[in-house]
Amino acid sequence: MGRFLCCCLQVEQSTVAIKETFGKFDGVLEPGIHFIPWILGKQVAGHLSLHIQQLDVHCETKTKDNVFVTVVASIQYHAIASKAYNAFNMLSNTKRQIQSYVFDVIRGSVLKLNLDDVFEQKSDIARAVETELEKAMSTNGYEIVQALIIDIEPDDRVKRAMNEINAAARLRVAANEKSEAEKIMQIKKSEGDAESKYLAGLGVARQHQAIVDGLRYSVLAFSANVLGTSAKDVMDMVLISQYFDTLKEIGAASKSSAVFIPHCPGAVRDIVGQVRDGLLQRNVL
């Protein structure tokens, strides 16, 4: 803080010394070398640092919704050189005095707020602490540089409950998103099935139309080239030919099941009639 030798005193940088004469305040000594004739009753009562200091205050209090929280405030302050006498003499314990003001402001502010609001309004609480400290400490020779609320710690049981609420909310959102995704997949799948069936039906209809058009062309061409044949005769011949081609394909298939088909002339005539009527009815529709 300072060195005293042969009535000379060295005051270090960012420090001031309080000089007294016979116990009475006699001035503030700035950094440098000073002559102190102690035989004349002059002496140095003490030194005062002008460095910015930091005090962390842990304040336990209760919110409006009856939740106990620990609020940690960080106070940065320093002594004012022009008011060094007040800073040195008026407060016996500066840190305890600051702590008392911080407790008073935080408890008065937090008690009016719910827990969620305490987190949202911690900047307002810090400004209230800084304003109150500035008013109280400026007359005592100290300047409040900044006041910060650096932490808010609820009771452990409250923290666990809050975490469970947040986890449940996230799970609920995830379940809703999953259900929505499954719903969209089902809709898209149904739309795809409907489109596939529509295209398949369209293909079958075009196939039937092509068959009917081919039969019609064959009947007309055969009737024009072979005299004495009617359209019915040509149609019967074509249908019988397709009937035997179908039997041939069934027999050639390696994994075909047993098929029992009557082959008497009357049965063949009935089959031809049924096929012809079905095709003609399809053409009409």
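A salt bridge is a side-chain nitrogen of Lys or Arg within 4 Å of a carboxyl oxygen of Asp or Glu. Keep that cut-off in mind for the first stop. The model on your screen is predicted.

**Stop 1**

Select Lys 135 and Glu 132. They form a salt bridge, with the closest N and O atoms 3.7 Å apart. That distance falls within the 4 Å limit, so the pair counts.

Is Lys 135 buried or exposed? Lys 135 is exposed, at a relative accessible area of 55%.

Next, select Asp 124 and Arg 127. These two also form a salt bridge, and here the closest N and O atoms are 2.1 Å apart. Asp 124 and Arg 127 both sit in helix 4, again with three residues, about one turn, from one to the other. Asp 124 is partly exposed, with a relative accessible area of 39%.

Why do such pairs turn up? Side chains of opposite charge can pair when their charged atoms come close. By the rule above, the count is two salt bridges.

**Stop 2: the whole chain**

Zoom out and show the cartoon. The protein chain holds seven helices and nine strands. Of its 285 residues, 27% are buried.

Now think about contacts. Take those in the chain with a separation of 6 or more: 60% of them join residues 24 or more positions apart.

**Stop 3: the sheet of strands 7, 8 and 9**

Select residues 53-62, 68-79 and 142-154: these are strand 7, strand 8 and strand 9. The three strands form an open sheet in the order 7-8-9, with antiparallel pairing. Strand 7 and strand 9 are at the edges, and each has a single partner strand, so one side of each has no neighbour in the sheet. Turn the view to follow the twist. From one strand to the next, the twist averages 20 degrees.

Stay with strands 7 and 8. Their antiparallel pairing runs over ten bridges. Which residue in strand 8 is the bridge partner of Leu 55? Pick Ile 75 to see that partner. Then pick His 58, which stands opposite Val 72 in strand 8.

Follow the chain around the turn. Strand 7 and strand 8 form a hairpin with five residues between them. Asn 66 lies in this turn and has a positive phi of about 60 degrees.

**Stop 4: helices on the sheet**

**Stop 5: another hairpin**

Move to residues 15-21 and 24-29. They are strand 3 and strand 4, which run antiparallel and are joined by five bridges. Select Glu 20 and find its bridge partner in strand 4, Phe 25.

**Stop 6: Gly 46**

Select Gly 46, in strand 6, residues 42-49. Gly 46 is buried, with a relative accessible area of 12%. What does Gly 46 contact, leaving aside its neighbours within four places in sequence? Show Val 16, Ala 17, Ile 18 and Phe 88. Draw a line between the C-alpha atoms of Gly 46 and Ala 17. They are separated by 5.8 Å, though the residues are 29 apart along the chain.

**Stop 7: a surface patch**

End with Trp 38, Ile 39 and Leu 40. They form a nonpolar patch on the surface, with about 380 Å² of accessible area together. Trp 38 lies in the loop between strand 5 and strand 6. Trp 38 is exposed, with a relative accessible area of 53%.

Definitions and conventions
Residues are numbered from 1 along each chain as its sequence is written. This is a predicted model: local features need pLDDT of at least 70, side-chain atom pairs count only at pLDDT 80 or more; totals for chains, interfaces and linings use all residues. Side-chain values use heavy atoms; hydrogens and water are left out. Two strands pair if DSSP finds at least two bridges between them. Helices (H or I, at least four residues) and strands (E, at least two) are DSSP runs, numbered from the N terminus. Axes are lines fitted to C-alpha atoms, for helices over the stretch in contact, and angles run from 0 to 180 degrees between N-to-C directions. Buried means under 20% relative accessible area, exposed over 50%, partly exposed in between (1.4 Å probe, protein chains only). Contact means heavy atoms within 4.5 Å. Patches are made of residues with over 30% relative accessible area and no salt bridge: like charges are joined within 9 Å, nonpolar side chains (Val, Leu, Ile, Met, Phe, Trp, Tyr) within 5 Å. Accessible areas come from the Shrake-Rupley method with a 1.4 Å probe; for residues, only the protein chains shown count as cover.
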